[in-house]
Amino acid sequence: MTHKLQHGSILGGVSAVPDLEAALRDYRDILGMTVVEQGPLAADIAASWGCPQNAGSPAATLQPVSGADCHVRLVEQPNHPDFKPTTTYGWAAFEFSVQNVFDLPDHLQGSGFDIVGPPKELEALPFFVPMQVLGTGREMVYLNEVRENTPSSDLPKAHSPTDHIFIVILATPDRAATVQWYCEHIHLTEADTYVLEYSMINEAFEKPAGTTSALTMVQNGRLPIVEVDDYPEEATDRQRHQGMLPPGNGLVSLAVDNLDKIACDWITPPEKRDAAPYSGRRAATTLGPAGELLELIEIG
């Protein structure tokens, strides 16, 4: 499966990092992505995200060597002292397709990535082998080697050492309501629900072994897009610096066929933008049901 754009395709993710140059060494030099743009974040883009204090922040946009139309944007801002990954609502992780996951622990030695979950076969999810790392902004990155398609979705095998984001993980206080919102407002579909012992959640909340969590996939047909996770009652809203991006995994960009058919409250009206990942396409950003920043880019 190639990264053929369609309604719902993941066009990118934005992560907040405390030192752009250090983060670039990790994403460019270690993960092997290509820098396609670098410079101050444009004020109009920052405003469209509801993050005016990020205007002028050092920023960079990277793309997989495969050429997939999916971009990682890194924006420099101070880490938030109250942010602890996998404990708050919002975007929890970006899942990348990689070629050789079992080679990565050695490859990441000496980088800014902290390995929080080494490569591990999952009996409940045999379709890929996941690995989890935290970047310098405490953004969670899953590096997954795809083995096979699931019964209900097509999973992309990597065409470069680190290829595009193929699933984004959303932590929410109400999984069913969040799934319904994405189906009704973004015109996506509810797919499979899995119940499993989710080690990342259990460790973050110090849950006993055997504790299970439910997650539901939101898709467009067989295209997987958003994994919506139930979080324990102890989870909280994500605190952030005034006027800045949420810490960690800050924003997700999805493709839509027609912005005029999307019933959302936009932070600023849809507007054409030239920089990657927009490439002359209209885009607008809204707040999702878990407080997540969701940018929609028109491809129709």
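In this predicted model, the largest nonpolar core contains 75 residues. Those with the most contacts inside this core are Tyr27, Leu74, Leu143, Tyr182, Ile186, Val226 and Leu294. Strand 10 provides the largest share of the core, with seven residues. A further core of 16 residues lies apart from it and includes Val75, Leu245, Leu251 and Ala283.

Tyrosine 182, one of the residues with the most contacts inside the largest core, touches Trp91, Leu170, His187, Leu188, Val218, Val226, Pro289, Glu292 and Leu294, when residues up to four places away in sequence are not counted. Val226 and Leu294, both in this set of contacts, also belong to the group with the most contacts inside the core.

Tyr27, another member of that group, is among the buried residues of helix 1, which spans residues 20–30. The buried residues of helix 1 pack against strand 1 (10–17), strand 2 (34–40), strand 3 (58–63), strand 4 (71–76), helix 3 (104–107) and strand 9. The N-terminal end of helix 1 is capped by aspartate 19, which has a side-chain oxygen 3.1 Å from the backbone nitrogen of glutamate 21. After the helix comes glycine 32, with a positive phi near 80°.

Arginine 28 and aspartate 29 form a salt bridge through their side chains, with an N to O distance of 2.7 Å. Both partners are partly exposed: the relative accessible area is 30% for arginine 28 and 44% for aspartate 29. In the whole structure, the search finds 12 salt bridges.

In one, the closest N and O atoms of aspartate 154 and arginine 222 are 2.9 Å apart. Aspartate 154 is in the loop between strand 9 (140–146) and strand 10 (162–172), and arginine 222 is in the loop between strand 12 (213–220) and strand 13 (223–230), so this pair ties together parts 68 residues apart in sequence. Aspartate 154 is partly exposed at 25% relative accessible area, and arginine 222 is partly exposed at 35%. In the other, the side chains of aspartate 230 and arginine 175 meet at 2.9 Å, N to O. Because aspartate 230 lies in strand 13 and arginine 175 in helix 4 (residues 175–185), the pair links parts that are 55 residues apart in sequence. Aspartate 230 has a relative accessible area of 24% and is partly exposed. Elsewhere, salt bridges link Asp44, Glu271 and Arg273 in a network.

Arg273 is also one of the contacts of tyrosine 278. Tyrosine 278 sits in the loop between strand 15 (271–272) and strand 16 (282–287). Despite this loop position, tyrosine 278 is buried, with a relative accessible area of 0%. Beyond its neighbours within four places in sequence, it contacts Ile45, Trp49, Arg73, Arg273, Ala283, Glu295 and Ile297. With arginine 73 the side chain of tyrosine 278 makes a polar contact of 2.8 Å. Leucine 296 is 18 residues from tyrosine 278 in sequence, and the C-alpha atoms of the two are 9.9 Å apart.

Asparagine 202 belongs to helix 5 (residues 199–204). Its side chain reaches the backbone oxygen of threonine 211 at a distance of 2.9 Å. Not counting residues up to four places away in sequence, asparagine 202 touches Glu197, Lys207, Pro208 and Thr211.

The count of disulfides is zero. For cysteine 70, the closest cysteine sulfur is that of cysteine 51, and the separation of 19 Å is too far for a bond, since a disulfide requires sulfur atoms within 2.5 Å. Cysteine 264 is likewise in no disulfide, as the nearest cysteine sulfur, in cysteine 183, is 13 Å away. Both cysteine 70 and cysteine 264 count as buried, cysteine 70 at 2% relative accessibility and cysteine 264 at 14%.

Notes: Residues numbered from 1 in each chain as written. Predicted model: local features only at pLDDT ≥ 70, side-chain atom pairs only at ≥ 80, totals over all residues. Heavy atoms only, no water. Helix = DSSP H or I, 4+ residues; strand = E, 2+ residues; numbered from the N terminus. Buried < 20%, exposed > 50% of the residue type's maximum accessible area, 1.4 Å probe, protein only. Contact = heavy atoms within 4.5 Å. Polar contact = N/O pair within 3.5 Å; in protein donor to acceptor, adjacent residues only side chain to side chain. Salt bridge = Lys/Arg side-chain N within 4 Å of Asp/Glu carboxyl O. Core = buried A, V, L, I, M, F, W, Y, C linked by side-chain atoms within 4.5 Å.
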